Amino acid sequence: MKKTGILNRDIATVLSQLGHTDTIVVADCGLPIPQHIKCIDLSIDLGTPSLVDVVRLIMKHMEVEKITMASEIKLRNTRLHHEITSTYGNIPLDYVFHEDFKKAMSDTKAVIRTGEATPFANVMLRSGVIF
């Protein structure tokens, strides 16, 4: 049994298979996930686990070169927007309309579904390289 790092086997597998520019999405519990995309469902209750907690863990184990969020988050979920931008301000940030975010998900490697229950609480993380 692993004793360090991400214990969830599905998340650990997805992260180990990422190449440069591949993406994953950490999503709220309401984001529609197309059937062809791997869904790692962590949701156990409204708000649990939170998107922030899951992103924090993923960031410890993934080289991220860009973060993409729905532009609507700036006005409709200012608390989460501020938390992400202030914590990860050193990573380039991109905004797209929510409908375009959902379309961009078509090529993502996996969606990690959280219990987050706030508006537009979805983050796309693009893999960088460690060299």
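A charge sits over a ring if NZ of Lys or CZ of Arg is within 6 Å of the ring centre and within 35 degrees of the ring normal. Select Lys74 and Tyr95 to see a case: the charged end of Lys74 lies over the Tyr95 ring, 4.2 Å from its centre.

Some ground rules come next. This is a predicted model, where local features need pLDDT of at least 70 and side-chain atom pairs count only at pLDDT 80 or more, while totals for chains, interfaces and linings use all residues. Residues are numbered from 1 along each chain as its sequence is written, and side-chain values use heavy atoms, with hydrogens and water left out.

**Stop 1: the sheet**

Switch to a cartoon view. Helices (H or I, at least four residues) and strands (E, at least two) are DSSP runs, numbered from the N terminus. Find the open sheet of six strands, in the order S2-S5-S1-S6-S3-S4, with mixed pairing. Two strands pair if DSSP finds at least two bridges between them. At the edges are S2 (38-41) and S4 (93-96), each pairing on one side only. On average, neighbouring strands are turned by 20° against each other, direction ignored. Axes here are lines fitted to C-alpha atoms, for helices over the stretch in contact, and angles run from 0 to 180 degrees between N-to-C directions.

Now select S1 (residues 23-27) and S5 (residues 110-113). They pair in the parallel sense over four bridges. Ile24 has Ala110 as its bridge partner in S5.

Turn to S6 (123-127). S1 and S6 pair in the antiparallel sense, again over four bridges. Thr23 is bridged to Arg126 of S6. S3 and S6 also run antiparallel, joined by five bridges. There, Ile67 has Leu125 as its partner in S6.

Colour S6 by burial. Buried means under 20% relative accessible area, exposed over 50%, and partly exposed in between (1.4 Å probe, protein chains only). Four of the five residues of S6 are buried.

**Stop 2: helix H1**

Select H1 (residues 9-17). Contact means heavy atoms within 4.5 Å.

Zoom in on Val14, a residue of H1. Is Val14 buried or exposed? Val14 is buried, with a relative accessible area of 7%. Leaving aside neighbours within four places in sequence, Val14 is in contact with Ile24, Lys38, Ile40 and Ala110.

**Stop 3**

Move to H2 (residues 51-61). Its buried residues are Leu51, Val52, Val54, Val55, Ile58 and Met59. They cover an arc of only 160° around the axis, so they are on the same side of H2. The arc is that of the directions from the helix axis to the C-beta atoms. Their cover includes H1, S1, S3 (64-70), H4 (78-87), S5 and S6.

Next, pick H4. Its buried residues are Leu80, His81 and Ile84. Their arc is only 100°, which puts them on the same side of H4. They pack against H2, S3, H3 (73-76), S4 and S6.

**Stop 4: His98**

Finish at His98, in H5 (residues 98-104). His98 counts as buried because its relative accessibility is 14%. Which residues does His98 touch, not counting those up to four places away in sequence? They are Leu31, Ala70, Glu72, Phe120 and Asn122.
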